[in-house]
Amino acid sequence: MDNNIFGYDHNNTWVHQLTGTSKLLFFILVSIIAMISYDVRFITLVLILSLIILYQSQIKWSQVRLIVKLILIFACLNLITVYIFSPGHGAYLYGTQHIILHLGYFTLTKEQLFYELNLALKYLVTVPISLVFLITTNPSEFSSSLNHIGVSYRLSYAVSLALRYIPDVQRDYQEISMAQQARGYELSKKGKFMTRIKGVSQILIPLILSSLDKIQVISQAMELRRFGKNKKRTWYMARKFSRNDYLTIVLAILIVLLGVWFMKIDGGRFFNPFK
Amino acid sequence: MNKKKLSVQSVVAIGIGTAILFLLKRWVSIPTGIPNTNIDTSYGFLGFIAVLFGPVVGFFVGFFGHALSDFTQFGAPWWTWVFTTGLVGFALGFLKKYMKPEEGRFGKKKLIIYNIYQVIINVIGWLLIAPTGDVLIYSEPANKVYLQGIVSAISNSLSTGIIGTILLVVYASSKVKKGSLKKE
């Protein structure tokens, strides 16, 4: 288990200096439009732009190597399963059939290749932006950003508590797991299915019962400090918007409009080069 | 206090619950022996926390926990499945009123009802809502996502059933049974 899962790394590029709010808005808007659009030109454009941002934020390859590899493996597996289950899905979506190879059920069509290319790009398009978001945004600032985009401060605070307690819960889990293994509970691959379920429960029970106590203690402390008394709440890590923040939001809106415009000329979500 | 607002306890329960769900989703899954199919232990925990704290906490624990784990693993949350996890937590939360976990030991009847209900909810969620969302939003081929749906419906019901029941029983037996104390 890696204890710094969010990988925040302090630095001073313009991407780091943007407030969490504008980065979060940018991420949400761009990932929604990239999720809806199936236009390969638009998605490639967004992918190039987000790669430029990734480069500009001076993130080192060693920081993202592992996650990028996992994402690539996951994307490849998914593309292969899509092909195995539905080699004719492309032809169905685009309404034509240009056959490259006759292989019976697995007949390869240009439409299928094109559809899977779109799918691959869609899996990858938001990856650079979310890596930038994870690595350049201070987790403590994240909850104030959530509050600023309209999530109620109670929920934002709950997220902030979650981020704060993930390392604690991880540590507890590791400690309990080692203690239970020392007592002889089988958790490794050697155990049978039911023994492993039992083993996991033997860790979960103390972990969860102690966490319930934690919930009690924390909520009492917060009530003593009158959390939730007022309609609003200020955030220690909140920052003022600068010129670049407004520019980021304008850029996000422009990308969304561009995506909508592409959908208008395509007459739908799909760009069809086979017509 | 205004009923619409979350109580302080719910806020904290969502926070800590999300942290635990995230941990379980990322690292604690049990292989079933069939390749690429794991029992995701987080659904057992989701069932437990939802029954303990109710639908609102259940929804947000599922939603935030799943979203965070997807976000840090794949770079982008798979929204349809994240949302379904939230809905499953929400639906299971309605059992709180019936189960009354704070009143001590469950009878067999309550545990059977819990298990029947959770299987129904998991089937609706993973066989109906999540794959249909994939077809509509992500335009994935239907037979692939419905097969994934069947597999997750089974494995998630097993997790919610076995691990959820164990946790509930242990929790309830740690509470003093209602009416077990008499004035002398």
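A crossing of two helices is left-handed if the near helix is turned anticlockwise from the far one by less than a right angle, and right-handed if clockwise. Helices here are DSSP runs (H or I, at least four residues), numbered from the N terminus.

The model is predicted: local features need pLDDT of at least 70, side-chain atom pairs count only at pLDDT 80 or more, and totals for chains, interfaces and linings use all residues. Residues are numbered from 1 along each chain as its sequence is written, and chains are lettered from A in the order in which they are written.

**Exercise 1.** Work out how α1(B) passes α3(B).

*Solution.* Start with the axes, which are lines fitted to C-alpha atoms over the stretch in contact, with angles from 0 to 180 degrees between N-to-C directions. Those of α1 (residues 8–27) and α3 (residues 55–74) of chain B come within 8 Å and cross at roughly 40 degrees. The pair is therefore oblique (under 35 degrees is roughly parallel, over 145 roughly antiparallel, 65 to 115 roughly perpendicular, and the rest oblique). Finally, look at the hand: α1(B) passes α3(B) in a right-handed crossing.

**Exercise 2.** Find which element of chain B gives the most to the side that touches chain A.

*Solution.* Begin with the contact (C-beta atoms, placed from the backbone, within 7 Å): 42 residues come from chain B and 51 residues from chain A. On the chain B side, α1, α3 and α7 (142–173) each give two or more residues. Of these, α1(B) gives the most, with 14 residues.

Definitions and conventions. Two residues are in contact if their C-beta atoms, placed from the backbone, lie within 7 Å.
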